Amino acid sequence: MAIESFQGVGVGLRRPHLSEVAALERAPVPFWEIAPENVVGQGGKRHRKAMAILERDPVITHGLSMSLGGFDEWEAEVLDNLRAFLKATNSPWHSEHLCWTSVGGANTHELLPMPFTREAVRHTVERAKRLQGELPVPFLFENVSYYAELGRAEMSEKEFLAEVLEGADCGWLLDINNVYVNSRNHGFDPKEWLAGLPLHRVRQMHIAGHWWDEADGLIIDTHGADVIDPVIELFEWILPRIGRPLPVLLERDNNIPPLADLLAERERLQAAYDRALAPVLAGGQHG
Amino acid sequence: MAERLLALEKAMADLLLDASSAEDFQADPAAFASRRGLDAADGDAMRRHRQRLLVYRELVQSALEDPLPDCFPHTHRILEEAGAWRDCIQAFIASRSVQSAYYRDINPTFVVWLADTGWGQDRWPFLLQLAHYEQLELEVLSGPEDPAPAGLSAEPLPHAVARFSGTARNLAYGWRVQESRAEDPLPAEGAAHLFCYRDRNLEFETLEVDPHSSAFLARCLEGVPLADAASGVGVDWAEARNLLLRLQEDGAILGYS
């Protein structure tokens with residue numbers, strides 16, 4: 001599958017939709033995104049449907065548990081399964097979060113915040129390079145939502161992200177909702193934040209809905225609601241600055257709606273994508 | 001070695017996973033940090049971010065608990081009605097037993113934790129067996145595919161060895177766990193010899209067998225030739241053959257070699 005074929009807004013392949021999607025003659029989306037951890041080493045009815053879809057349609061993989069900012073070694077079986085899945089699905093790359101999820105062997109299955117320190121940059125870059133050496137496809141880092149700083153920061157999140165991307169010399173999965181969530185939770189201008197980062201490294205984007213906890217004014221990145229207009233506005237602002245078509249994934253992991261509703265949400269985002277990139281594709285300049 | 005980074009992550013794990021550590025953190029974040037080898041600046045940062053660090057505790061507790069009520073509906077209901085579910089989950093999470101990179105492994109890990117610790121089994125002696133059976137259904141339904149190897153015979157001849165599906169499980173419980181129902185989840189005490197597998201329609205099947213048949217199937221699973229397996233436990237060959245043919249028809253036996 002040529003990388004150029006992965007353009008436009010795709011959707012995460014979710015369990016409640018498997019039967020409906022498997023019954024279709026062809027994909028109703030440009031691509032599906034899937035977490036290999038949720039599929040490898042399985043069998044049975046649901047697994048067969050998922051694999052039939054993944055064999056039929058374009059797929060991009062996105063990982064959840066390599067804990068690149070952590071210390072726990074990767075199990076050989078996990079790496080073997082991942083490599084085999086990446087080859088079987090022809091994913092153009094594999095992404096993971098810029099975070100840690102486990103320590104001392106204990107897995108929290110949550111995306112935990114990195115300390116913004118030089119030591120953490122060096123450590124994460126070393127792990128990312130090691131993982132890249134294990135994978136048959138390019139590796140991308142995704143910027144995460146974070147709700148608190150862990151320990152005394154020596155730099156901003158933006159500097160931390162830039163140094164890791166440059167140090168690891170890897171691509172960037174830009175999660176535009178996470179940028180928005182962090183800008184609201186930590187009080188910065190998301191456009192200013194984005195403008196100084198290496199946009200030439202962006203290979204893919206994520207976009208999602210979130211939950212606002214009115215009680216303490218905190219936004220939690222739940223992937224459990226429709227995308228709000230300010231996030232779409234930011235999405236339309238950044239696309240021409242990236243300046244090229246690329247795959248964008250609509251994430252929906254909680255309160256998963258019927259497939260038709262999810263596809264309608266995808267259409268809304270595809271229209272925004274087309275609108276934002278039209279001047280670029282016509283050879284124009286962004287404002 | 002990134003020692004400060006490791007110390008920060010270990011401290012965070014204490015806060016996220018251990019109830020007593022979380023209480024220490026809430027009472028005095030700087031002292032919490034200091035006791036874990038972190039300097040005053042890191043302790044001060046933890047104090048400033050106290051409330052939001054605690055948000056992560058809620059997220060982690062929720063992430064690790066979320067799959068359990070669906071996988072263990074009867075176990076969950078029994079403990080919930082007794083007001084013990086939260087204590088059970090907190091003890092499970094604090095044990096740090098969840099280590100697999102695969103989220104789906106939380107369910108079998110919970111069963112292993114019950115077996116290792118005996119949690120709650122003085123009050124609910126059936127708890128481990130009920131949880132084991134509840135988890136088994138998911139394990140069988142989603143177990144890896146195992147197509148029949150080439151060259152297997154379809155006929156259960158006396159000297160042959162049975163090749164079972166990888167989803168087949170031969171189990172003996174001391175409680176009638178398979179009879180638990182949503183309206184009455186408490187299992188009755190009594191032997192239950194169950195042979196469980198994924199059938200040809202990819203559905204979960206439980207076949208209750210008598211103790212002799214269970215012993216026969218156990219020997220077959222060990223690779224004992226069929227007639228020897230039957231005679232060794234006093235099962236008539238014709239009866240044994242009928243059982244094998246039924247399991248073969250259902251997909252629990254792939255063939256014979």
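I call a residue buried under 20% relative accessible area, exposed over 50%, and partly exposed in between (1.4 Å probe, protein chains only). With that set, N255(A) is exposed at a relative accessible area of 60%.

Ground rules. This is a predicted model, where local features need pLDDT of at least 70, side-chain atom pairs count only at pLDDT 80 or more, and totals for chains, interfaces and linings use all residues. Residues are numbered from 1 along each chain as its sequence is written, chains are lettered from A and ligands numbered from 1 in the order in which they are written, and side-chain values use heavy atoms, with hydrogens and water left out.

Entry: positive phi.
I stayed with N255(A) and found a positive phi of about 50°, although N255(A) is not a glycine. I placed N255(A) in the loop between β12 (247-251) and α9 (259-281) of chain A. My helices (H or I, at least four residues) and strands (E, at least two) are DSSP runs, numbered from the N terminus. I also noted H109(A), which is not glycine either and has a positive phi near 50°. H109(A) sits in strand β6 (residues 106-112) of chain A and counts as buried at 17% relative accessibility.

Entry: strand β4 of chain A.
Are the faces of β4(A) covered or open? Both are covered: on one side H94(A) and E96(A) are buried, and on the other S95(A) and H97(A) are buried. The strand spans residues 94-97.
Next I checked its partners, counting two strands as paired if DSSP finds at least two bridges between them. Strand β3 (residues 59-62) of chain A pairs with β4(A) in the parallel sense over 2 bridges, and T61(A) has H94(A) as its bridge partner. I followed the chain from β3(A) through helix α3 (residues 76-89) of chain A to β4(A), and this β-α-β crossover is right-handed. By that I mean that, with the strands pointing away from the viewer, the path from the first strand over the helix to the second runs clockwise. Strand β7 (residues 139-142) of chain A also runs parallel to β4(A), joined by 4 bridges. There, H94(A) has F139(A) as its bridge partner.

Side chains of opposite charge can pair when their charged atoms come close. My rule asks for a side-chain nitrogen of Lys or Arg within 4 Å of a carboxyl oxygen of Asp or Glu. Over all chains, I get 31 salt bridges.
I looked at R118(A) and E154(A), whose closest N and O atoms are 3.7 Å apart. R118(A) is in helix α4 (residues 118-134) of chain A and E154(A) in the loop between β7 and α5 (157-168) of chain A, so the pair ties together parts 36 residues apart in sequence. R118(A) is partly exposed at 47%, and E154(A) is partly exposed at 26%. I also found R118(A), E154(A), R4(B) and D42(B) linked in a network of salt bridges.
Then I took D169(A) and R201(A), at 3.1 Å between the closest N and O atoms. D169(A) lies in the loop between α5 and β8 (171-175) of chain A and R201(A) in the loop between α7 (190-195) and β9 (202-208) of chain A, so this pair ties together parts 32 residues apart in sequence. Here D169(A) is exposed at 57%, whereas R201(A) is buried at 10%.

Entry: chain B against chain A.
How many residues does each chain bring to the contact? I count 45 from chain B and 52 from chain A, with contact meaning heavy atoms within 4.5 Å. The two chains bury about 4,000 Å² between them, 60% of it on carbon and sulfur atoms. Buried area here is the accessible area (1.4 Å probe) that two parts lose on being put together, summed over both. The rule finds 3 salt bridges across this interface. R48(A) forms a salt bridge with E145(B), with the closest N and O atoms 2.8 Å apart.

Entry: domains of chain B.
I have domain 1 (2-63), domain 2 (67-141) and domain 3 (162-256), with bounds from an automatic or database domain assignment. Between domain 2 and domain 3 of chain B, about 1,700 Å² is buried, and carbon and sulfur atoms give 69% of that. On the domain 2 side, Q129(B), Y133(B) and V140(B) lose the most area to domain 3 of chain B, together 37% of what that side buries.
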